[in-house]
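Please study the sequence and the structure before reading the solutions.

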Amino acid sequence: MIKKKLNILFVASEVVPFAKTGGLADVSGALPKALGELGHNIIVVMPRYYQVDKAKLTHLEGALGVPMGPIGELWAGIYTAPLPNSNVPVYFIDYEEFFGRKELYNDDNEPFKDNDNRFIFLSKAALQLCKKLNFVPDVIHANDWHTASLPLLTQTRFWHDFGNVPTVLTVHNLQHQGNFYKGAMDVMESGWDHFDPTSFESLDSINMLKGGIAYADAVTTVSKRYAQEIQTPEFGFGLERHIQAHSGKLFGILNGVDYDEWNPSIDTKIAQTFDVDDMQGKATCKRAMQEYFGLEINENIPLIGFVGRFAEQKGIGLISGILDGLMEQNIQIIMLGAGEKWAERYFSDAAARHGGKFGVYVGYSDALAHQIEAGCDFFLMPSLFEPCGLNQIYSLRYGTLPIVRATGGLDDTIENFDENHEHGNGFKFDLPTHEALYWTIHWAVSIYNSDKKAFKAMQKHAMQMHFGWDDAAKSYEDVYRHTIANRRKH
Ligand code: ADP
Ligand code: GLC
């Protein structure tokens with residue numbers, strides 16, 4: 001039987017290449033493309049942030065009215081552009097007062113006070129847009145707390161048009177739940193019945209993600225291991241019981257990689273391309289990084305890289321705690337990241353202390369992220385928790401062996417080196433302690449120094465692994481169809 005292609009509304013707060021602060025944007029740029037390639041009719045909706053250049057977008061006629069309860073009706077402009085290398089349209093909701101700001105969510109690390117209104121507005125605008133475009137979705141896919149009001153909106157304020165449409169909510173990171181003053185219930189216009197401890201209420205405030213989990217037809221997370229972990233107090237950020245209660249509709253689907261973007265054989269951002277059969281270019285990339293960060297130029301010194309937000313999640317406290325000790329070994333470390341001020345300061349000071357062996361770039365640079373992936377021997381990702389993690393998967397393709405903590409998606413993607421069988425694609429440790437990280441780095445480096453054959457075999461194995469979006473997109477399709485079939489039963 002030929003299955004009907006689906007109409008999918010996909011809503012996210014950030015989408016590559018238009019706006020990005022983290023992996024959510026990579027996923028929102030790649031998954032819709034993969035779903036489009038499966039033949040589905042998918043549209044993506046995101047804000048038209050200040051940084052998204054209007055001149056490169058097509059303006060749609062007319063304005064979109066968005067009802068915002070006590071705030072009244074607000075009128076948004078609509079722009080559109082396709083996702084690169086695809087026919088998937090992205091629609092941008094343009095409303096200067098909410099989205100015409102320098103940053104996406106914060107001002108100097110302080111979340112904007114009206115983030116509740118901004119993203120309820122985005123969610124409602126996405127539904128209004130479907131009506132304007134005569135796009136009748138078979139399923140609505142929301143992402144993280146920003147768009148977690150969608151499942152409830154379809155069941156209440158927008159029941160008339162979307163009451164039969166199932167919703168899927170993907171939790172990319174449970175730490176960020178969207179906690180706000182309860183008055184936002186009025187802005188959702190969904191009735192105060194839904195403000196109770198089994199749905200949106202949490203200690204007399206609104207918890208967006210909690211409400212989204214309660215009302216979505218299916219909840220997904222970005223790795224199987226994380227789907228298990230978030231049902232425990234260690235990783236549940238207070239929602240573990242709530243998630244346990246909804247575990248019957250919880251699925252873990254590992255993210256993929258966009259190999260058009262992260263692939264050393266065609267990467268235009270790196271010093272020289274390379275692939276598994278010709279690794280010459282990787283040596284050039286390593287040298288380029290040693291030069292860029294002012295390190296000793298020596299191909300035999302193991303070079304370890306880090307790319308990521310400077311947030312506790314990423315294990316930056318573990319790294320900072322052992323950095324001086326590590327620097328006594330014959331290794332080099334380079335870091336790219338921004339975020340927590342103490343970390344920006346700490347690593348900048350460390351670069352001054354350990355010039356020639358340690359370098360840091362504080363800020364955001366996509367090109368440098370690619371260059372670090374390409375030029376390093378090892379990639380460091382000692383996260384305290386990691387829903388999926390993308391950089392360790394990118395690293396594999398660049399032959400840069402990940403050193404990771406065995407948690408979430410890191411555990412699902414990295415196979416520990418097995419000395420007896422010369423097997424594995426990286427180095428893992430369990431406990432989030434300084435000692436465990438220190439000795440795992442020590443172990444990885446000693447294999448590099450003393451067993452080149454094993455190191456090269458691992459590199460080769462890592463580079464040949466495939467984490468494409470094709471499989472993940474099929475798993476999402478299964479979840480969509482499951483929710484549609486379930487709705488029909490009831
Ligand atoms: P998270 O979403 O938790 O930040 P992921 O590993 O899923 O973690 O994705 C992070 C993404 O953001 C990767 O594509 C990574 O390369 C990118 N990234 C993070 N920090 C920076 C930075 N300072 N400069 C450039 N890219 C960055
Ligand atoms: C989150 C997670 C990260 C994941 C990304 C994309 O920000 O922290 O682990 O890879 O979302 O799903």
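Ring pairs join Tyr49, Tyr95, Phe98, Phe99, Tyr105, Phe119, Phe121, Trp145 and Phe180 into a cluster. The model is predicted, so local features need pLDDT of at least 70 and side-chain atom pairs pLDDT 80 or more, while totals for chains, interfaces and linings use all residues. Residues are numbered from 1 along each chain as its sequence is written, chains are lettered from A and ligands numbered from 1 in the order in which they are written, and side-chain values use heavy atoms, without hydrogens and water.

**Exercise 1.** Classify the pair formed by Phe98 and Phe121, and state what the pair ties together.

*Solution.* Step 1: rings of Phe, Tyr and Trp (its six-membered ring) pair if their centres lie within 6.5 Å; planes under 30 degrees apart are stacked, over 60 edge-to-face, and the rest tilted. The structure holds 30 such aromatic pairs.
Step 1: for Phe98 and Phe121 the centres are 5.2 Å apart and the planes stand at 70°, which is edge-to-face.
Step 2: Phe98 belongs to helix α2 (residues 96-99) and Phe121 to helix α3 (residues 115-133), so the pair ties together parts 23 residues apart in sequence. Helices here are DSSP runs (H or I, at least four residues) and strands likewise (E, at least two), numbered from the N terminus.
Step 3: buried means under 20% relative accessible area, exposed over 50%, and partly exposed in between (1.4 Å probe, protein chains only). Phe98, at 6%, is buried, and Phe121, at 0%, is buried.

**Exercise 2.** Classify the pair of Phe417 and Trp443.

*Solution.* Step 1: the ring centres of Phe417 and Trp443 are 6.0 Å apart and the planes are at 45°, so the pair is tilted.
Step 1: Phe417 lies in the loop between α15 (408-413) and β21 (427-429), and Trp443 in helix α16 (residues 434-450), 26 residues apart.
Step 2: Phe417 counts as buried at 6% relative accessibility, whereas Trp443 counts as partly exposed at 21%.

**Exercise 3.** Which residues of α12 are buried, and what covers them?

*Solution.* Step 1: the buried residues of α12 are Ala343, Glu344, Phe347 and Ala350.
Step 1: these residues cover an arc of only 135° around the axis (taken from the directions from the helix axis to the C-beta atoms), which puts them on the same side of α12.
Step 2: the face turned away from the buried side of α12 carries the exposed residues Arg345 and Ala352.
Step 3: the cover of the buried residues includes α11 (316-326), β17 (332-337) and β18 (358-362), where contact means heavy atoms within 4.5 Å.
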